[in-house]
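The following exercises concern one protein chain, shown below.

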Amino acid sequence: MKRYLTLGYGAAAYLLFLAAFLYLIGFVGNFALPRTVDRGLPASVAEAALINAALIAAFGVQHSVMARPAFKRWWVRVVPPPIERSTYVLLSSAVLALLYWQWRTMPTVVWDVRMPAGRALLWALFWLGWAIALLATFLINHFDLFGLRQVYLASRQQPYTSIEFRVRLLYRVVRHPLMLGMVIAFWAAPVMTAGHLLFSAGMTIYILVATQLEERDLVTSLGDQYSAYRREVSMLLPIPRRQASGVARQG
């Protein structure tokens, strides 16, 4: 029974992540949803800016603190190791849901691209960014990243083994293609409002901070192997360097 409960918990956490991720696409793209980056709760400019910034900060703190090895070592004393990643995914989805629910509208238009070719280009970049982010998860191990592999192994009473550090496709161009894809998707907007600008800027700042923390952890865990990879491949911008010879993994 415990094995089935573990597997069910992991599957439920993954489904909630999937719903939160798909909603994020609609939220940023201003599609027909109850709440989007430009259709939130009414508020004054000052109130909206403070609350929206706090929501972004809450996501960033939860997402980064719970990903740190020191926190994980403490956390697994409370949460069984097989569901540690699923719990992280579940709480991340919950914080995103809170952001969607409590987001305040800031409707001032910063830019509005009206040329058909320009709008088409920005929409193409929007979808390209999400495609890059999603592909990046499968190039490492999508199911391990979101906790399904851990609960599956536990349900089969098999020990967990870490994913091998490998470099493939996008990881030969940048070290963090998932983050790069998100940044592209956040900023590729034909109409950029003040609220969308705050969201994009806040999430970009979080990404820049989070990647630095993850890099530190990867150097600690992988040593010279990852240090060599850092010298060969740029972090976020696809700036050509020497051909990567190492292997890549998730943080």
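**Exercise 1. Determine the handedness with which α5 passes α8, and describe how the two helices pack.**

Solution. Step 1: the crossing of α5 over α8 is left-handed, a term used if the near helix is turned anticlockwise from the far one by less than a right angle, with right-handed used if clockwise. The model is predicted; local features need pLDDT of at least 70, side-chain atom pairs count only at pLDDT 80 or more, and totals for chains, interfaces and linings use all residues. Residues are numbered from 1 along each chain as its sequence is written, and side-chain values use heavy atoms, with hydrogens and water left out. Helices (H or I, at least four residues) and strands (E, at least two) are DSSP runs, numbered from the N terminus.

Step 1: two packed helices are described by the angle between their axes and the distance between the axes. For α5 (residues 116–140) and α8 (residues 177–187), the angle is about 160° and the axes are 7 Å apart. Axes are lines fitted to C-alpha atoms, for helices over the stretch in contact, and angles run from 0 to 180 degrees between N-to-C directions.

Step 2: α5 and α8 are therefore roughly antiparallel; that class holds angles over 145 degrees, whereas under 35 is roughly parallel, 65 to 115 roughly perpendicular and the rest oblique.

Step 3: contact means heavy atoms within 4.5 Å. On the α5 side, the residues that meet α8 include Leu125, Phe126, Gly129 and Trp130; among their partners in α8 are Pro177, Leu178, Gly181 and Met182.

**Exercise 2. Characterise the packing of α8 with α9.**

Solution. Step 1: α8 and α9 (residues 194–222) pack at about 165°, with an axis separation of 9 Å. That makes α8 roughly antiparallel to α9.

Step 1: α8 passes α9 in a left-handed crossing. The α8 contribution to the contact consists of Met179, Met182, Val183, Phe186 and Trp187, while that of α9 includes His196, Phe199, Met203 and Ile207.

**Exercise 3. Locate Arg39 and list the residues that it touches.**

Solution. Step 1: Arg39 lies in the loop between α1 (2–29) and α2 (45–65). Its relative accessibility is 36%, so Arg39 counts as partly exposed; buried means under 20% relative accessible area, exposed over 50%, and partly exposed in between (1.4 Å probe, protein chains only).

Step 1: leaving aside residues up to four places away in sequence, Arg39 touches Asn30, Phe31, Ala32, Leu33, Pro34 and Thr105. The Arg39 side chain reaches the backbone oxygen of Phe31 at 2.3 Å.

**Exercise 4. Which values of phi do Asn30 and Leu169 have?**

Solution. Step 1: most residues other than glycine have a negative phi. Asn30 has a positive phi, near 60°, and Leu169 also has a positive one, of about 45°.

Step 1: Asn30 is in the loop between α1 and α2 and is partly exposed at 23% relative accessible area. Leu169 is in the loop between α7 (148–155) and α8, and at 59% relative accessibility Leu169 is exposed.

**Exercise 5. Relate the annotated transmembrane regions to the helix content of the model.**

Solution. Step 1: an unreviewed UniProt entry annotates residues 12–33, 45–65, 86–103 and 123–148 as "transmembrane region"; such annotations may be inferred rather than shown by experiment.

Step 1: residues 86–103 are 94% helix and 0% strand, with end C-alpha atoms 26 Å apart. Residues 123–148 are 88% helix and 0% strand, with end C-alpha atoms 32 Å apart.

Definitions and conventions
Polar contact = N/O pair within 3.5 Å; in protein donor to acceptor, adjacent residues only side chain to side chain.
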